[in-house]
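Here are some questions and answers on how the parts of one protein pack together. The sequence and structure come first.

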Amino acid sequence: MTDLERRYLRLLLAYPADYRRSRGAEIVGTYLDLAAPGRRWPSPADAADVVGGGLRQRVRATGAADLVPGVRLAAVLAFLAATSLSGVWVVLELRPASPDSGVPAAGPFVSLGIVAWTAWLLAAVVHALAPGRWTRRAVALAVLLTVALVPAAALTGLPRPPLFVLLPQVALGLVALGASDGLPAPLRAVPLVAAGAAGLAGNDLLPPDVFAASYYTWTVVPVLPSAAVVVLAVVVLLGAGLALRGDHRGNWAVLILLTPVGLLALQPLAGALDGLPSRFIPGWTALAATAVLVALVGPALLPLALALRTRLAPHPP
């Protein structure tokens with residue numbers, strides 16, 4: 001057995017055991033036939049394809065055939081939310097405090113966040129023009145740049161958006177990677193239009209000196225919780241409407257989006273857990289504890305729902 005074959009067999013662990021026994025050799029043989037001579041490792045695309053196929057097969061085994069459409073729906077809404085927020089942040093990044101105020105800035109911008117927010121807007125452009133693989137690459141790049149702001153700020157000494165702004169953006173981006181390739185052109189343009197509209201709204205509604213007193217803090221107090229309410233309301237209403245027609249993908253979309261929604265609402269959730277009145281901003285400890293709680297509980301709900309679905313599904317006689 002070659003190293004390449006052994007590594008493909010390890011990837012097959014993503015499939016259910018029965019499926020591996022019946023089809024495993026055929027799947028590995030197909031990939032080996034297509035592999036370039038001398039290759040020792042599966043290509044990233046092949047590895048993702050094998051693991052993705054295995055996960056889809058496990059989902060089918062649970063009887064939750066509507067989970068994948070639910071992922072697609074959640075991805076569309078997550079991408080729409082992420083690009084809309086980026087539109088607001090780009091506009092606000094153009095409003096650094098005056099040099100006399102003593103508030104640090106990154107040149108003509110408020111912070112290094114301008115790099116990530118611009119990448120999100122470019123992802124919206126790519127989504128409108130070239131859906132599918134190129135959109136996923138653009139979203140993945142935007143997510144990586146958002147994460148990279150933390151070490152970049154530490155290395156350069158320049159300011160960055162706070163973690164309670166970056167965390168929900170990363171969570172939305174990870175969900176958005178599941179977007180469908182087959183959206184019609186008018187729908188593909190919606191995130192770009194929404195980003196522009198959100199940027200214009202932020203420019204008109206938020207005061208010009210919003211960063212003069214406290215960098216990002218007083219901005220996200222109204223913006224992020226409001227975004228959480230909007231995203232949750234939209235997905236719940238969509239889920240209820242689809243459920244009336246016997247389509248349960250909206251229920252899965254609600255579960256998938258609970259983690260990003262919880263991170264968007266991190267400040268009010270942390271304040272509630274800390275027993276603070278709504279006008280007070282919770283401290284770092286409360287925010288960190290709430291973020292960890294949301295990051296643990298939110299993703300755990302999906303496998304629990306799948307397990308419950310499997311348990312309640314009718315079994316053949």
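Q: Are helix 6 and helix 7 roughly parallel or roughly antiparallel to each other?
A: In this predicted model, local features need pLDDT of at least 70, side-chain atom pairs count only at pLDDT 80 or more, and totals for chains, interfaces and linings use all residues. Residues are numbered from 1 along each chain as its sequence is written, and side-chain values use heavy atoms, with hydrogens and water left out. Helix 6 and helix 7 pack at about 160°, their axes 9 Å apart (axes are lines fitted to C-alpha atoms, for helices over the stretch in contact, and angles run from 0 to 180 degrees between N-to-C directions). Angles under 35 degrees count as roughly parallel, over 145 as roughly antiparallel, 65 to 115 as roughly perpendicular and the rest as oblique, so helix 6 and helix 7 are roughly antiparallel.

Q: How many nonpolar residues does the contact of helix 6 with helix 7 have?
A: Contact means heavy atoms within 4.5 Å, and helix 6 makes this one through residues including Val 139 and Val 143, helix 7 through residues including Leu 163 and Leu 166. Ala, Val, Leu, Ile, Met, Phe, Trp, Tyr, Cys and Pro count as nonpolar, Asp, Glu, Lys and Arg as charged, and the others, Gly among them, as polar. The contact has no charged residues, 3 polar and, as the count asked for, 10 nonpolar.

Q: Which word describes how helix 4 and helix 5 lie to each other?
A: The axes of helix 4 (residues 67-93) and helix 5 (residues 113-129) come within 9 Å and cross at roughly 135°. Helix 4 and helix 5 are therefore oblique.

Q: How many helices does the protein have?
A: Helices (H or I, at least four residues) and strands (E, at least two) are DSSP runs, numbered from the N terminus. The protein has 0 strands, and its helices come to 14.
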